Protein chains: 2
Amino acid sequence: VTKRAAVLVTGTEILIGRVQDRNSGYLARELERHGLVLERVVAVDDDEAAMRDALEGLLALGVDLVVTSGGLGPTHDDRTVAAVAAVTGRRLVLDEPTLAQIDAITGAFAASRGLDHELWREGNRKQATVPEGAAVLPPVGTAPGVVVERSGQHIVVLPGPPSELAAMWATVPGHPLLRDVFGGDAPGRHVLRVFGVPESSIANVFEELGGDAGGTETTICAARMEIEVLVRYGPQAAGAADRLLEGLRERLGSGVYAEDERRLEEHVIDGLRAAGCTLATAESCTAGLVAARVANVPGASDVLLGGIVAYANEVKLQALGVPDALLREHGAVSAECARAMADGVRRALQADVGVAITGIAGPGGGTPDKPVGLVYVCATVGDDVEATEHRFGDGGRDNIREWSVTSALHHVRRLLQRVPSRA
Amino acid sequence: VTKRAAVLVTGTEILIGRVQDRNSGYLARELERHGLVLERVVAVDDDEAAMRDALEGLLALGVDLVVTSGGLGPTHDDRTVAAVAAVTGRRLVLDEPTLAQIDAITGAFAASRGLDHELWREGNRKQATVPEGAAVLPPVGTAPGVVVERSGQHIVVLPGPPSELAAMWATVPGHPLLRDVFGGDAPGRHVLRVFGVPESSIANVFEELGGDAGGTETTICAARMEIEVLVRYGPQAAGAADRLLEGLRERLGSGVYAEDERRLEEHVIDGLRAAGCTLATAESCTAGLVAARVANVPGASDVLLGGIVAYANEVKLQALGVPDALLREHGAVSAECARAMADGVRRALQADVGVAITGIAGPGGGTPDKPVGLVYVCATVGDDVEATEHRFGDGGRDNIREWSVTSALHHVRRLLQRVPSRA
């Protein structure tokens with residue numbers, strides 16, 4: 001049977017909108033990957049009564065697992081452990097081994113800065129205080145996590161800083177106390193990532209193939225200019241899933257660009273590596289976002305030489321060598337300029353592949369002829385070109401820039417498919 | 001009395017972690033700005049029973065307002081309006097004027113693409129179907145919003161796409177049906193934004209000044225390398241708030257860099273405008289993120305000329321003119337290289353102000369001498385220099401890059417404070 005989960009996010013800073021919660025999204029992905037169904041996410045501020053009320057509400061859903069984030073710090077407004085103790089009917093007790101661990105961490109820090117370790121003592125004792133009988137997850141920063149159970153339902157308490165939460169989460173699915181929650185047979189899952197095909201066409205294809213008639217469970221989901229088709233299936237439906245996926249692949253053809261979870265920029269980097277090509281970027285309205293997306297990937301320096309952000313026309317002329325006559329005849333927002341930018345940055349940085357974006361992200365700068373949302377994307381290698389004129393409409397400056405970046409990465413990806421692999 | 005609110009986010013794509021919810025963060029900020037206390041955020045998938053259960057739970061908190069996001073589309077899995085109708089005990093009825101509005105929007109779209117408008121008919125009727133007696137918020141995309149009331153509690157139903165939600169939200173605080181919710185005297189609020197002072201020092205200063213003894217309500221919140229001190233106060237506490245703020249300003253000195261909500265990059269652009277200076281960026285490990293942050297601001301092209309992403313050393317040498325001997329003596333990750341990059345990009349793009357980042361974002365590339373997290377930031381104008389060596393530690397590639405970008409923007413801001421204003 002499928003295990004069910006809920007997430008409780010705590011933090012006044014989130015409820016007053018000063019900090020964007022990213023932990024619930026991370027946990028949602030991770031739970032899905034481990035075959036659990038996330039039924040509900042709740043966020044409350046640092047009030048202990050609200051936390052208790054929210055915890056009771058989530059447990060009342062009958063879920064197998066509640067994961068909490070935040071509220072494990074050393075100060076008085078970090079109250080998650082107290083709330084969990086109250087809800088599970090346990091006393092709070094000092095865990096001496098954990099205290100020793102935290103003392104060692106803060107002692108080393110204090111010594112390195114020449115500070116008095118006494119300043120940490122009280123906070124450390126608070127952080128080492130856990131519900132009686134709970135299992136402690138060793139601290140990543142200074143806050144330990146907690147695993148505790150009530151009548152067969154498990155609560156896992158994790159720290160709020162996203163990097164600490166992720167590092168501690170890595171120890172959760174294999175935790176001996178959580179064998180029942182994570183040990184079952186996770187349903188099979190397979191993802192098709194589709195670019196350049198409208199969501200409605202994919203939905204039509206899916207219906208024509210008979211939909212989820214064979215016991216599969218399919219989600220078609222649009223995000224960031226691509227569509228993900230996620231097919232989940234139990235052991236009995238494995239054959240049906242295979243047939244459905246085969247049908248989708250056949251009907252969607254080259255629209256399916258990946259069947260894994262790697263980020264688009266990882267596909268681009270792998271494509272560059274396979275082709276033995278280096279990349280340089282030339283960006284106007286996106287102002288560095290393409291280069292930054294590629295550099296998201298550790299090891300990007302193997303293939304990314306760099307780029308030129310040519311926001312002003314003088315930079316297009318001088319740094320990218322776009323001809324003055326071209327700018328005067330076609331304007332900076334033109335297919336011709338995008339092509340000249342892509343070739344220019346290859347020349348300037350001595351790269352194999354150039355990719356360029358020039359467009360109008362708005363809100364100002366549009367004309368009837370060249371409205372906000374008009375964006376030219378061009379990628380070149382040797383004499384080969386992949387180019388598109390986008391008319392995104394006035395979808396907002398941030399969206400237009402993000403769509404343009406995603407489009408540019410797909411241009412590089414497609415271009416590289418035509419370059420013979422060196423491998 | 002302070003009004004209380006809750007937010008319900010709907011969408012299976014969020015619960016399975018394929019899409020990051022950003023609407024709850026936006027609504028949290030907006031509600032805070034309007035003086036409402038957001039007590040709880042709940043996210044559920046597209047299941048109508050789950051939505052009803054979550055809505056009942058939020059109304060049971062006694063909040064004055066529940067805002068929902070998502071589930072207003074034309075397909076069968078868009079169920080928010082049905083759930084709201086059930087919870088408020090209302091029938092679903094077709095709203096003819098709204099149907100005419102939606103038909104006009106989709107008709108124009110179909111005509112522009114040469115498509116058969118009949119394809120939209122059924123979906124449009126579904127989208128124009130609302131709880132009986134509800135007020136309709138005109139569609140921004142094709143989905144209308146809804147305002148509906150149950151025993152003095154109001155539910156506002158908004159669409160899921162963030163840009164649609166924000167545009168429709170703009171009509172909510174002034175809506176005649178919501179006068180009781182938004183019409184009260186919002187508490188006073190004032191924000192001090194502090195950079196370069198540890199959170200614990202600010203907390204100490206706050207305590208030494210007597211804390212919230214005069215009836216103020218202060219939140220000290222760290223985010224993105226800055227600390228925000230938010231002081232809220234009722235009419236009786238206005239004087240106490242003034243004294244507290246005065247004390248904080250005096251004790252924190254130049255650590256307080258702003259007392260408004262403008263983004264850091266807006267402060268940078270305003271500083272550049274006031275000084276009559278143009279900006280160019282030279283980025284290694286951040287690979288374009290500084291330029292992109294500055295270009296977040298509409299009208300950035302007035303002052304941002306562009307930048308050079310110098311990921312490879314050859315680009316530092318050739319495009320930025322960093323001397324070969326300097327690279328050999330000090331290495332690419334050095335204060336000397338950062339300075340040469342900042343000056344080099346000013347020269348290359350003929351800008352007044354140059355800002356440069358070079359560092360090791362990890363996870364690879366660190367050495368005992370130059371560990372992961374070592375980042376040099378430098379900004380120059382004329383002969384004036386603002387430079388810092390950061391040792392961020394191994395806090396994760398994304399964090400190191402984001403901290404570096406924020407630091408670089410503060411370097412430009414501080415440098416500009418020493419340039420006489422042209423105004």
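## A proline in a loop

In this predicted model, P363(B) sits in the loop between β15 (353–359) and β16 (374–381) of chain B. Helices (H or I, at least four residues) and strands (E, at least two) are DSSP runs, numbered from the N terminus. The peptide bond that joins G362(B) and P363(B) is cis, with omega about 0 degrees. Chain A has a cis peptide bond between G362(A) and P363(A), again with omega about 0 degrees, and P363(A) lies in the loop between β15 (353–359) and β16 (374–381) of chain A.

Another loop to look at is the one between β7 (145–150) and β8 (153–158) of chain B, where you will find S151(B). S151(B) is not a glycine, yet its phi is positive, about 45 degrees.

## How the two copies are related

Two copies of a chain are related by a rotation about an axis and a shift along it. Here, chain B is superposed on chain A by a rotation of 180 degrees with 0.1 Å of shift along the axis, and the RMSD is 0.1 Å. The two copies are thus related as by a two-fold rotation axis. Both copies use the same surface: 100% of the contact residues of chain B recur in chain A.

## Where the chains meet

Counting contact as heavy atoms within 4.5 Å, 68 residues of chain B touch 69 residues of chain A. The area buried between the two chains is about 4,900 Å², and carbon and sulfur atoms give 53% of it. Buried area here is the accessible area (1.4 Å probe) that two parts lose on being put together, summed over both. R18(B), R40(B) and Y311(B) supply 14% of the area that chain B buries against chain A, more than any other three residues.

The strands join in too: β2 (residues 37–44) of chain A pairs with β2 (residues 37–44) of chain B in the antiparallel sense, over five bridges. For strands to count as paired, DSSP must find at least two bridges between them. V42(A) has V42(B) as its bridge partner in β2(B).

## Salt bridges across the interface

A salt bridge means a side-chain nitrogen of Lys or Arg within 4 Å of a carboxyl oxygen of Asp or Glu. Eight salt bridges cross the interface of chain B and chain A, while the count over all chains is 62. In one of them, R18(A) meets E228(B), with the closest N and O atoms 2.6 Å apart. R18(A) lies in the loop between α1 (12–15) and α2 (23–33) of chain A and E228(B) in strand β11 (residues 226–233) of chain B, so this pair joins two chains. R40(B) and D53(A) also form a salt bridge (2.9 Å, N to O).

## Reading the labels

Residues are numbered from 1 along each chain as its sequence is written, and chains are lettered from A and ligands numbered from 1 in the order in which they are written. Local features need pLDDT of at least 70 and side-chain atom pairs count only at pLDDT 80 or more, while totals for chains, interfaces and linings use all residues; side-chain values use heavy atoms, leaving out hydrogens and water.

Key. Copies are superposed by least squares on the C-alpha atoms of residues with pLDDT of at least 70 in both.
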